[in-house]
Amino acid sequence: MVQSAKPVPPIWCPGCGDFSLLAAVKKAAANLKIGPSDLVLVGGIGCSGSIHNFLEVNGIHALHGRLLAQAVGVKLSNPGLTVVAAGGDGDGYAIGMGHFMHAFKKNVSLLYIVMNNETYGLTKGQPSPTSQVGFEGNVEQPFDAILSALSIPAPNFIARTFSGDPKTMTAVLEEAIRFNHENRGFAFVEDLSPCVTYNDTYKLWREKVVDVSKIPGYDPTDRKTMFRLYLETTESGKIPIGVMHRPKEVQKAGLEAKLLGDAQGPARSEIALEPNLAAYQKLLASVA
Amino acid sequence: MTTPAARTAPISGESGPAESKPPTELADLSVMIGGQGGDGTLTVSDLLGRYFRKGGLYVYTSRNVLSRIRGGHADASVRASRDPISTVKPEIDVLVAFDNEAVEMGKLELASHGFVIYDSTGFHIDLPNSAGFPFATLVGGPLGQPIFKNTAAYGALSVLLGFDLERTRAVIEERFKRRGAEALEKNLKALEIGRKAALEVAGLPNRFSVLDGDAHDQILTTGNQAVALGFVVGGGRFFAGYPITPATEVMEYLQRYLPAFGGIVRQAEDELAAVNMIIGAAYAGARVMTSTSGPGLALMTEGIGQAGTAEIPIVVADCARVGPSTGQPTRHEQSDLSHLANLGHGEYPRFILTPASPEDCFTVTIEALNLAEKWRVPVILLLDQALCQNTSTSDRFDLAGAHLDRGQRLSVEDVNALTEYKVYKFSDNGISPYAAPGTPGVWAEVTGNEHDEWGHVSVNPTNRNRMMKKRMGKMIHARDELPAARLFGDANAKVGFIGYGSTSGPILETQSILAARGLKTRYFQARTVFPVPVHELDPFLNSVDVAYIVEHNYTGQFARLIREHLPWHHAKLRSILKYDGFTFRTPQIIAEVKEAH
């Protein structure tokens, strides 16, 4: 047994919602029998983005806001890896917004988890893109990631979980990773993960969350229905959690499958000169 | 509207029939084609380039276009010579003008024997040695559209220059066959219309004769195409980029080439995504590259810094243009060097390589991929607009000299022999063996935070010192593996030139002009500019009394780097600078050298 990097203790405050997420990721990986060598966890910048240090995994700590771009590079390069990107709401919805919206469009089979606490915790409590009006002087409207995700007509998996409900969270993460393993495309899970130090919303959220699957008419394969259900629920002051979208058709719609077919991917392709020599000669001969 | 009467009018400035006059032989010819964007000047230049190449001549073409698709002045020039060339000719032998602006601009550089062919559909000029043809009107009737006027102009040129008819037609076929039978037929008709009109003008046919050459083994290519080919052969399999002039063609060529080799090319949502996608792909174990220009490079800067400190091997091709900000997107400059040498916040190792020709771009791109992966550093290919986009003849790219070095990449067998896998393991030369994610039995933490050997975040001052020395030391340990400078000219010369990139073309030509006038010179062509090759520059500068650093920027960026790293040679260094968006012409360099000698 070769000794690899050992996990370090989390830097999070006691009671942080991110602990639930960390436990759920570990559990989902164990249930799906994904070993640390085959799992890549791409972390963002902020409290939540340090998650890759706290479990046995191939961890890469991306630049602020760029974790999705790096995760896309990893998965396209070696589609045999299970790729999970995880960061915060500031990382994903502010500095990383461009990549966030494009991730749905690209539809690479990787899981992106945003630990949304409606604040910038690591820099001590500034308002974030999801902060409510009035929080720390915030006068801007909060951004709604689920609505934005639903707005892109791509066959993605879209869900929301709550750190106060770890059981549902594990089930959702498992489904998301299985979705990726079947090369069906991009999976997005927003986890409502309270910041106990700067924005403790545990009590408030526990009162407000509703299981979206229990709402009459629930059909995650129908985008129009889910838009309506989601809007009606939020406008009534509740917070829907659960699977918001899951494409009806089971097909290999993931970008890596579309681009590569049965090929191994750039990281595993044979690049030695000898086996490619004839093809290279033909390529060079085409230049006149 | 002009009538096609120009066909029968004598050439202005000609007195009497000129058929008796022997053709002016040209062994080094330049043709400039100017007009509005959309007039098809680049097509005429392409056709001429193909024709001359088939005749065994060395060819160099350049373009002067605006950052717009239609309208605005645009011109292209083609030079053909029996001797190797790699820059534009300072004077124009033949000017083809589709509007008066092209005449006004072109006549400033027109040789005394120079000749002007112009489209008289919309204007007239009164110049000796000129002939106007209403090309747009002539083709508009029979072909239904005036756009074929450029091919008609090529026809008139073929008469003026005494072209072989079969080869003239073959070039049209080669260029237009992909556009379908109708396009080809119409262009061949336009060619005939242009030829017929020119043949009827006294004094025009065979006024010049261009001798064929013997450079039949050459290919006609650009730096951008060569970089794309080098990337494929060098094992590059993942490319992400964002469209930007003058770098876009690298991505376009790779979109054509790479899928057949199991590779992936992605057009990203911005340059931030492009550089971070290649970082992810390189981390996963692929050989990667992106290409960009100044504005995109600015956005990629943070990512390149992460690659430096997290030790992720990426290659970034910077196709430099005029800066700062949007600058002049289509124009030439070498003003990114200072930015690249100091790229980003904090300190990390990087190699900046500067190929000088398409052939060199091919070779150095392969080397860049090897160096990046072996030393686990970001490698910058510093190119410039002229090198990237001007076409020139080149020796065929050679596979015999190519080799791949994957450095200390750990296989499954290698890993099994380990007791521990530390991704940032300390070593004498700073290289830590690397196992890509997915290698059974091992995993690691990779981060742009300062870290210990395991990749765990560390603020320990002793570790920080060791890690900084490990990374920065790569620039010392790799020194002898970086592309070596090339020296040209007389080893005993006391006058030296220093330059890099496409500036090599005008410098080499200046050297032969000066040699013919009795002044011996020696040229140091830098192929690695950072780390500054002190071990190569020091003996060179010892050998000369004065060295002219020839570069395209205002502040003498390479000269400043050389002064910083070799201050004891300060008094010998002179700068020859140009930053007007155009490449050096030999007379400027000669004038600045002559002033001192």
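Which residue takes a positive phi just after α4(B)? That residue is Gly162(B), with a phi of about 65°. The model is predicted: local features need pLDDT of at least 70 and side-chain atom pairs count only at pLDDT 80 or more, whereas totals for chains, interfaces and linings use all residues. Residues are numbered from 1 along each chain as its sequence is written, and chains are lettered from A and ligands numbered from 1 in the order in which they are written.

**Helix α4 of chain B**

Helices (H or I, at least four residues) and strands (E, at least two) are DSSP runs, numbered from the N terminus. Helix α4 of chain B covers residues 149–160. The expected span of a helix is 1.5 Å times one less than its number of residues; for the twelve residues of α4(B) this should give 16 Å, and the end C-alpha atoms are 16 Å apart, which agrees. A residue is buried if 20 or more other C-beta atoms lie within 10 Å of its own, exposed if 12 or fewer, and partly exposed in between, with C-beta atoms placed from the backbone. Twelve of the twelve residues of α4(B) are buried, so the helix is largely enclosed by the rest of the structure. Among them are Lys149(B), Asn150(B) and Tyr154(B).

Domain bounds come from an automatic or database domain assignment.

| Domain of chain B | Residues |
|---|---|
| Domain 1 | 4–216 |
| Domain 2 | 221–395 |
| Domain 3 | 484–596 |

The C-alpha centres of domain 2 and domain 3 of chain B lie 25 Å apart. Two residues are in contact if their C-beta atoms, placed from the backbone, lie within 7 Å; by this criterion, 24 residues of domain 2 of chain B are in contact with 20 residues of domain 3 of chain B. On the side of domain 2 that touches domain 3, α11 (337–341), β14 (351–353), β15 (379–384) and α13 (385–389) of chain B each supply at least two residues. Of that side, α11(B) gives the most, with four residues.

A nonpolar core is a set of buried Ala, Val, Leu, Ile, Met, Phe, Trp, Tyr and Cys residues joined through C-beta atoms within 7 Å. The largest such core has 188 residues, of which Ile278(B) and Val315(B) touch the most other members. Helix α9 (residues 271–283) of chain B gives the most to this core, with ten residues. Domain 2 and domain 3 of chain B both give residues to this core, so it lies between them. Leaving aside neighbours within four places in sequence, Ile278(B) is in contact with Gly73(A) as well as with residues of chain B, including Phe238(B), Val288(B) and Ile314(B). A second, separate core of 59 residues includes Leu57(B), Val88(B), Ala97(B) and Leu110(B).

**The contact between the chains**

The contact takes 61 residues from chain B and 50 residues from chain A. Several elements of chain B each supply at least two residues of the side that touches chain A, among them α7 (223–233), α10 (294–310) and β17. The largest share of that side, nine residues, comes from α9(B).

Two strands pair if DSSP finds at least two bridges between them. An open sheet of nine strands, with mixed pairing, has the order β9(A)-β10(A)-β7(A)-β8(A)-β4(A)-β3(A)-β1(A)-β2(A)-β17(B). Its edge strands, β9 (209–211) of chain A and β17 (445–447) of chain B, each pair on one side only.

Strands β1 (residues 39–43) and β2 (residues 58–61) of chain A pair in the parallel sense over four bridges, and Val42(A) stands opposite Ile60(A) in β2(A). Six of the seven residues of strand β10 (residues 239–245) of chain A are buried, so β10(A) is largely enclosed by the rest of the structure. Three bridges join β10(A) to strand β7 (residues 157–162) of chain A, and these two run antiparallel; Ile158(A) stands opposite His245(A) in β10(A). Three bridges also join β9(A) to β10(A), which run parallel, and the bridge partner of Asp211(A) in β10(A) is Ile241(A).

**Glu174 of chain A**

Glu174(A) is found in helix α6 (residues 166–181) of chain A. Glu174(A) is partly exposed, with 16 other C-beta atoms within 10 Å. Leaving aside neighbours within four places in sequence, Glu174(A) is in contact with Ala28(A), Asn31(A) and Leu32(A). Glu174(A) and Ile34(A) are 140 residues apart in sequence and 11 Å apart in space, C-alpha to C-alpha.
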